[in-house]
Structures are given as C-alpha cells and as structure tokens.
Amino acid sequence: MVPYFIGRQQRVEGISRALTSTSARLVSVSGPPGFGKTSLAIAVGHQVRQLGLPVYFLSLRSVKTAEELTSDLLNTFANASDTTGRERSKLCGLLSAIPSNICIILDNADVLFESGGETSQDVLELLEKIFSHCKNVSFLLTTRACLQSVLGRKFAGHTSVGVVSLDRKSSQMLVQELVPAGDESECCRVAEICGDVPLAIKLLCGQIVDEKKSASQFLDHFSCSSKTIVALLDDPDAPNDQRLNMLFESYFKRLSREEQEAFVCLSVFVSEVFDEQAAVNVIGGDEDTAKKTLLRLKRKYLVEGNSSRPVLFSFHPLIRSFGSERAADMKEIAREAQRRFLSYYVKLFEDLNNQFLAGNSLLAFHTFEFHKENMVHSLSEGLQDEVVCDAIFDVLADADLFLDTVFYFERSWIFQKIYNLAIAKAKEQRKFKAVHELLIAKAFGGVSQLGGPTLTLLKEAEEIKKQNPLLTSEVIMGKRMCYNGIHLLIYGAVAKGGEILETGISLLSSENTVLKVLCSQILALITPHREKSSYYRNVVLTECADRPSLYAFFKAIQENDCADEKENRKALKQPLILLLALKINSIGYYNDLKEVMHKLGFFISKLQKEVEAEAQNDRLYLPLLFIVENTLARIKVEQESPAALQLALDNFIEENGRLNPDTAKRYYTIGRILRKQKNYDASLRSHYEALDIRLKLYGNNSDTAKSYLQIGYAQYGRGDYESALQSFEKVLAIGQNLHGKTDPDIARACSIIGATKYHSKKYDSAMHWLQQALDIRVALYGKEHPASAQSYYWIAECQYEMQDYDSALDSCQQALDIRSTLFGQENEDTNNSYRQMQLIRSKKPLSYFKKKNNFKNFFLK
C-alpha cells in the first residue's frame with residue numbers, strides 16, 4: 001500500500017466502486033499540488049486490483065500530445081511503433097482483446113488538458129474512440145485543474161472527484177505517524193501550520209525528525225527565525241501553492257550545505273525515475289558520503305523511494321520544480337552536476353555497447369530501456385559540452401549496431417537524429433577523423449535497404465580518407481568496406497560486393513567480431529565456390545566458439561537440422577541475434593536464398609515463444625517482444641502461402657472484426673505476395689480491402705499511400721496503365737502533403753508516374769516526371785547513386801522513343817557509368833545498361849529489347 005496514506009479511505013472505496021461499475025468508466029481526480037492525488041490514485045489501483053481487475057499505471061509528466069499518450073499506451077500493452085491513426089485503432093484492438101475488464105490510471109495528465117486547444121481535443125477523441133470500441137476499459141485521471149466542464153460534456157458516465165486538504169483529525173494522525181514522539185497538541189500545531197496539506201506535513205515533519213528536537217522546541221525556534229513564513233502559514237486564506245513554496249524555502253535553508261548541493265544536483269535528471277548509482281555519480285564526491293546524503297534527502301521526503309526496488313528514486317514534480325529554481329541560484333553547482341550527469345550516461349552507454357557486442361546483449365538491452373531517456377538526452381545534448389563531446393564521438397562511432405537494434409522498428413528517427421547532430425558538431429569543429437567514423441556508423445542504419453543515403457554517406461567518408469589518409473585506421477577502412485559490400489549485395493552486385501566484403505573482413509580486428517562473423521556468413525551464403533563457402537562457414541563458427549548465443553544462431557543457419565535444441569536455447573532472448581537475422585534475411589531476399597530465409601524464420605519463431613513466455617511474467621521483456629514479433633513478421637512474410645494467410649485472416653476477422661488496422665495489414669501482405677506471383681486480379685481484391693479499411697480508420701496517411709502504391713503496381717502488372725496512373729498520382733499527392741517536395745518517396749512516385757506514362761506512350765509527359773525524379777534524387781544523394789542511375793536509364797528510354805538518339809546515348813552513358821562504377825560489370829543493372837546502349841546505337845525496334853529485359857523489375861525494387 002501507499003506509505004503514510006491516511007484519511008482518504010472513503011474516497012478510495014467510492015472511486016473503486018465507480019470504476020468497477022457499468023455506468024461510470026471515467027473518473028477524474030483533481031486538486032492542488034501536494035494534496036495527494038497520486039497517492040490516492042495508487043491506493044485506488046491497489047483496491048481495484050484486490051477486486052480482481054488488472055490495473056495499469058502510467059505517469060504522464062513528460063507526455064505532451066495525444067500521439068505520445070497513444071505511444072505510451074501501446075508500449076504498455078504491445079510496445080508498438082509510431083502513433084498514426086492506424087496505431088490508435090491498433091490500440092483499441094489490443095484493449096478490446098483483453099479478456100477481462102481493466103483499469104488504466106493516467107497520473108499527472110495536466111499538460112494534455114491545460115490549454116483546452118487542439119491537444120485537449122485530440123485526447124478527448126482518443127478517449128472517445130477507446131470507449132466506443134472497448135467496453136472493458138475504465139480510466140482514472142489525475143490533474144491539478146478540475147475536468148468536469150471538459151469531460152462532463154463529452155462522457156455521460158464521467159465522475160469528478162476533488163481532493164482537498166485532510167481533515168484535522170487525519171492530519172494529526174499523519175503527523176503522529178511521522179513524528180511518533182509528538183503529543184496531541186504538537187501534532188495539532190504542525191497540522192495547523194501546514195494547512196492540513198500532506199506534502200507540507202511531510203516536509204515539516206522531516207525537519208523536526210532530522211533536527212532531533214521535540215516538535216514544540218522545533219516549532220518555537222521555527223517561529224522565531226521565520227516570522228514572515230509563519231505568518232503566511234498561519235493565514236488560513238493563503239494560497240496552498242504559496243504556502244508550500246514558503247515552507248520549502250524555509251526547509252531548504254535549514255538543510256546542510258551538503259544536502260542543498262546534492263538536492264540541486266539531482267534536479268538535472270531528465271527522466272522521472274533514476275537509480276542510486278546514477279544519483280551518487282551526479283551528486284559527486286565520495287561515494288559513501290553521497291549515498292548517505294541521498295538517504296537523508298529521502299528521510300526528509302525531498303526524494304521519493306520505491307517500495308519494491310529500494311535502489312530507485314524519484315522526485316515529486318512540485319519538489320523537483322523547487323530544485324530547478326534553486327539551481328538557477330547555484331549555477332556552478334548545477335553546471336558541474338550537469339557535466340557529471342552527461343559523463344555518467346555517456347560512459348554507461350559505452351559500457352552497454354561493449355556488453356552488447358560481447359554477447360550479453362539482453363542485459364545491455366534491458367538496461368538501456370530503463371535509462372533510455374537520460375541516455376538519448378546525453379548523447380544529443382552532451383555535444384554542446386566540450387568535456388564530453390569527444391567521448392560521444394568515440395562511442396557513437398562504435399555503437400551503430402546497438403542503436404540500430406533498439407531503434408530498428410520503433411522511432412528510427414532517433415537513430416538518425418543522434419548521428420546527424422554528432423556529424424554536424426564534428427564538422428563544425430573540423431574533427432575529420434570523427435566525421436569519417438560517424439558517417440560510416442550512420443550508413444549502417446540503411447545498409448540492408450534499397451535506395452537511401454547509405455552509398456552517399458560511405459562515399460563522403462571515402463573522400464575524407466583520401467584527403468586525410470593519416471587520420472583513418474585499417475580497421476575503420478575495413479568497416480566501411482564491409483558496409484559497402486553488404487549494400488552492393490542488396491543491389492545484386494554479387495561479384496563486386498563479395499570482393500569488397502572479403503577485403504573488408506581482412507582489415508577487421510578482434511574488436512569487430514560481430515561484424516566479421518556477419519560478413520563471413522554472408523560470404524558463405526553468396527559465394528558460388530564450395531571451398532570458399534566452407535572456409536567462411538568455419539571462420540564464423542571459430543570466431544563464435546566462446547560466444548554461445550552467436551554460435552548457436554549461426555550453426556542454426558548452417559546446419560540442415562537448425563542446430564540442436566540445447567544450443568538453440570543458449571541463443572534465445574539475445575537482441576543482437578535479431579539484428580543479425582534481419583541483415584542476413586535482406587541478403588537472402590534480394591539474392592533468392594529461400595532456404596536461408598526459412599531457417600531464419602524457424603529460429604526466430606522459437607525465440608518468439610520464449611520471449612512471449614518471459615513477457616507474461618516480466619514486463620521488462622515487452623520491448624524485446626516487440627522487436628522479436630516485428631523481426632519474425634519481416635522474415636516470414638515471403639514464406640507464407642496466400643491461402644494460409646487468408647485462412648488466418650478469416651479467423652482474425654471473426655475474432656477482432658474487419659475494421660481493424662491489423663486486418664488491413666494482413667490484407668496488404670496477402671496482396672503483395674499475390675502480386676509477386678503475378679496473380680494481379682486477386683492481388684487487387686486484397687489491396688482494395690486494405691485500402692477501404694485504412695481510409696475509414698484514418699483517411700489519407702502513409703499507410704493509405706502504401707495501399708495506393710500496391711494497387712498501382714498490380715494495375716500496371718496487368719497492363720491497365722490509366723488506372724495505375726491514377727493510383728500513383730494519389731501516392732504522390734499524399735506524399736507531398738506529408739513530406740513536402742524533396743523526399744525519397746516523392747522521387748519514387750515521380751519516377752513511377754513517368755514510367756507509367758512511358759508505357760502509355762505519353763513520352764513528353766514521361767520525360768517531365770522522370771526529370772523531376774532525377775532532380776530530387778541528385779539533390780538527396782548526389783549523381784553517383786543507384787536511384788539516379790535508374791532515372792537516367794528511364795530518361796534514355798523516353799528519348800529513344802522520341803528518336804532523340806544523341807540524348808538517349810548520353811543518358812544511357814550516364815546510367816552505365818554510375819552502375820559500372822558502383823556495381824561492376826557482373827551485375828544485372830549494368831548489363832541492362834549495356835543492352836540499352838547497344839539498342840540505341842543499332843536503332844532497332846524497342847520490341848527487340850523488351851524481350852531481353854523485363855520492365856516490371858522496375859517495380860520489384
């Protein structure tokens with residue numbers, strides 16, 4: 001139960017009855033700061049849980065939008081990704097699928113409602129949607145301001161509860177609990193001075209106990225030394241927040257200098273909760289002294305302890321604001337504390353990255369999740385501190401695999417933001433070694449994806465090396481070559497990509513074991529030479545001999561029996577395995593290695609079952625479960641037959657209904673597989689179902705655009721170019737509304753529209769759209785990029801049809817130069833450019849070339 005919870009039991013029972021009734025599903029608790037709203041909410045949660053209902057508690061102190069609230073709720077129930085309209089509907093599906101009634105407590109929801117503007121309206125719409133779809137959910141909200149006028153109009157079952165100061169008898173009982181030696185008159189006097197406000201009582205009683213005097217002696221001395229404060233505290237009409245401020249001012253002055261400084265130091269934390277080790281490091285000085293000071297602050301109720309985990313601490317939001325105000329008066333203390341805060345979390349991140357790469361990735365992953373807010377802040381904002389800036393450059397240069405894993409499916413923009421800020425700062429300081437290494441690290445984020453800035457980043461890094469040859473080591477050069485090789489394999493440049501990979505591996509050191517075994521396994525898979533393949537398989541197993549998780553994973557890929565059960569279990573629950581599986585799966589997908597993809601799917605399926613079982617008992621595993629489920633979906637989607645997926649979809653609709661974001665996603669997946677099987681009519685039926693659901697759920701957004709894109713592909717596949725053109729134009733309109741005009745998705749839409757107009761023999765218009773695509777791609781990635789080459793290639797096609805042979809030869813040469821430079825001679829795209837060149841020079845009918853090259857490959861990429 002809540003410590004020192006006195007005088008509110010009737011309120012607890014009343015609110016509990018309301019939340020468990022069928023009529024009132026929304027209760028709001030309001031009152032001034034320090035009056036015990038959070039304690040009341042926690043007590044209600046305990047009571048409701050005793051009645052058999054699951055209770056979920058979310059603190060919203062840092063939540064500012066309805067989208068962030070949706071994300072927090074999804075993280076609680078499924079740890080899902082972004083927060084579009086689709087995610088709101090997914091949330092409703094998740095909540096309604098829970099087989100019992102549940103209670104969700106949203107504590108400190110003030111920011112969401114304080115303005116009464118767009119954010120407030122968004123939150124009201126979210127709650128309304130949840131209530132309309134989920135009959136099993138009730139909410140308890142706590143805010144400073146009363147929400148009766150806001151919620152009462154919207155929700156007929158809303159109950160508003162105001163929290164006022166304690167009655168005098170309860171106040172005296174609380175004082176007696178906190179100061180057991182106090183007599184009745186002393187307890188009454190303390191309660192009266194504090195205006196019966198629980199937080200004020202705790203603060204004053206903390207001073208009494210700390211000074212080891214009787215309550216009367218302390219209060220007499222307090223009255224003499226703080227006459228102005230006492231006058232305010234004795235004034236029954238004084239505002240409660242002013243009363244608390246004055247009481248805190250008095251309390252702060254009576255702290256020792258050591259305690260004052262420690263309190264100000266702790267106010268630099270970004271997260272709501274922090275652990276003892278972090279607090280001790282931020283306070284600084286002797287560790288034992290810092291621990292004792294922290295415990296004294298806890299005894300004085302200036303920081304709150306955690307009853308279930310004694311090493312965790314937090315601030316009451318009002319006390320934290322006091323600390324921030326005092327920090328403005330103790331600037332040097334706060335500045336040094338901020339520097340210790342940044343240094344501690346940068347070093348902790350470095351240690352976690354080393355753990356992750358050494359094979360203990362589960363512990364590193366869990367620890368990062370707990371400290372994520374403080375770490376992301378330190379890696380970003382710490383760049384402005386000259387003391388920690390270089391340390392951030394160093395750790396980020398080596399942390400690309402770790403960060404890519406934790407942000408792969410959720411908030412990948414954080415990965416990009418962290419590296420963009422670091423690269424910009426390194427360039428500003430003209431630290432080219434750091435720029436070189438950070439560019440390579442950032443490139444890893446897109447190494448297994450077609451398009452994107454990966455090759456541009458690696459090329460920029462290579463240019464820095466040429467200009468500063470003494471700044472870069474062989475190991476960094478090897479890392480860059482490995483990333484370049486992997487990326488070229490995605491484009492089908494097997495010969496050149498494999499050659500670069502081999503060279504890159506030879507330059508790596510023992511500190512790059514994970515990258516070395518990943519690249520060696522890729523080489524073992526793609527090389528056509530049996531002896532070389534066997535050699536690299538042995539390299540993998542030898543390098544992993546002392547890392548059981550990696551050994552079991554790679555043996556599962558190499559052996560026909562997917563390795564024995566005991567070895568598989570050693571590798572389970574290691575997030576690093578998921579990253580490796582995703583990269584290898586991409587190589588398998590683009591190089592038609594179906595057996596490897598099947599083995600990966602089998603392995604990750606077993607991992608999912610293990611993590612699901614863990615997550616049932618320990619919520620700490622929910623973030624990992626989210627990554628596992630998304631990894632499995634990515635790997636197995638191509639392995640399922642449309643008939644099996646349709647059967648699963650029918651069962652899903654029967655259980656969850658048709659108007660559901662997951663239903664749309666399943667239709668979308670079936671449609672993609674059917675299109676790749678060239679069953680265009682069936683594909684269109686599935687995609688139209690997905691589109692209809694998505695339009696009804698959230699109108700035009702990125703998922704709707706994806707549905708239009710797939711519909712256009714299927715229409716194009718069956719030769720219905722006019723319908724395809726209309727679909728692609730909708731993709732473009734939605735994309736421009738979401739992203740503006742210079743974006744990879746816009747370039748793709750322009751290019752596809754141009755290709756479609758080409759097949760409709762509207763060559764002038766096709767040239768216009770293809771040139772737009774080229775201009776965007778050159779602006780984004782530069783000329784020497786596969787996407788730019790693709791645009792030149794299609795422009796040459798149009799120019800040929802328009803009988804502008806000189807221009808066609810020039811455009812074809814541009815595409816050929818780019819492709820041969822990037823991919824080498826043994827590559828399908830390079831060969832297509834050679835054939836195009838031959839055709840243009842011979843001026844043969846285009847039908848001759850069409851037999852040699854399937855244009856629909858354009859859409860498969």
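Predicted model: local features only at pLDDT ≥ 70, side-chain atom pairs only at ≥ 80, totals over all residues.
# Group meeting: a walk through one protein model

Let me start at lysine 678, which is found in the loop between helix α35 (661–676) and helix α36 (680–698). The helices and strands that I name are DSSP runs numbered from the N terminus, where a helix is H or I over at least four residues and a strand is E over at least two. Residues are numbered from 1 along each chain as its sequence is written, and side-chain values use heavy atoms, with hydrogens and water left out.

Back at lysine 678, the phi angle is near 65°, a positive value in a residue other than glycine. Lysine 678 counts as exposed because its relative accessible area is 57%; here exposed means over 50%, buried means under 20%, and partly exposed is in between, with a 1.4 Å probe and protein chains only.

Aspartate 592 has a phi near 60°, again positive in a residue that is not glycine, and aspartate 592 sits in the loop between α31 and α32. With a relative accessibility of 53%, aspartate 592 is also classed as exposed.

In that loop between α31 and α32 (594–617) we find asparagine 591 as well. Apart from residues up to four places away in sequence, asparagine 591 touches Leu489 and Val494, where contact means heavy atoms within 4.5 Å. Asparagine 591 and alanine 493 are 98 residues apart in sequence, yet their C-alpha atoms are 9.7 Å apart in space.

Now let us step into helix α31 (residues 575–590), which holds serine 586. Is serine 586 buried or exposed? Its relative accessibility is 13%, so serine 586 counts as buried, and, leaving aside neighbours within four places in sequence, serine 586 is in contact with Ser448 and Ile490.

Once neighbours within four places are set aside, alanine 41 is in contact with Ile105, Leu140 and Thr142. The C-alpha atoms of alanine 41 and valine 12 are separated by 8.1 Å, although the two residues are 29 apart along the chain.

Threonine 143 belongs to strand β4 (residues 137–143), and a relative accessible area of 1% makes it buried. Not counting residues up to four places away, threonine 143 touches several others, among them Val29, Lys37 and Asp110.

Two further helices show which residues are covered. Helix α15 (residues 276–283) has Ala278, Ala279, Val280, Val282 and Ile283 as its buried residues, and these pack against α14 (257–266), β6 (273–275), α16 (287–299) and α18 (331–358). Just after α15, glycine 284 takes a positive phi of about 85°.

Helix α17 (residues 317–329) has 13 residues and reaches 19 Å from its first C-alpha to its last, close to the 18 Å expected at 1.5 Å a residue, the expected span being 1.5 Å times one less than the number of residues. Which residues of α17 are buried? They are Leu318, Ile319, Phe322, Gly323, Arg326 and Ala327. As background, an α-helix has 3.6 residues a turn, so residues three or four places apart point the same way.

Finally, the whole protein. The secondary structure comes to 45 helices and 8 strands. The radius of gyration is 32 Å, close to the 29 Å that the globule rule gives for 861 residues, so the protein is as compact as a globular protein of that length; this radius is taken over C-alpha atoms, and the rule is 2.2 Å times the number of residues to the power 0.38. The C-alpha atoms fill a box of roughly 110 × 65 × 55 Å along the principal axes. Of the 861 residues, 56% are buried. Among contacts with a separation of 6 or more, 69% join residues 24 or more positions apart, and the pair I showed between serine 586 and Ser448 is a contact that you can look for in the model.
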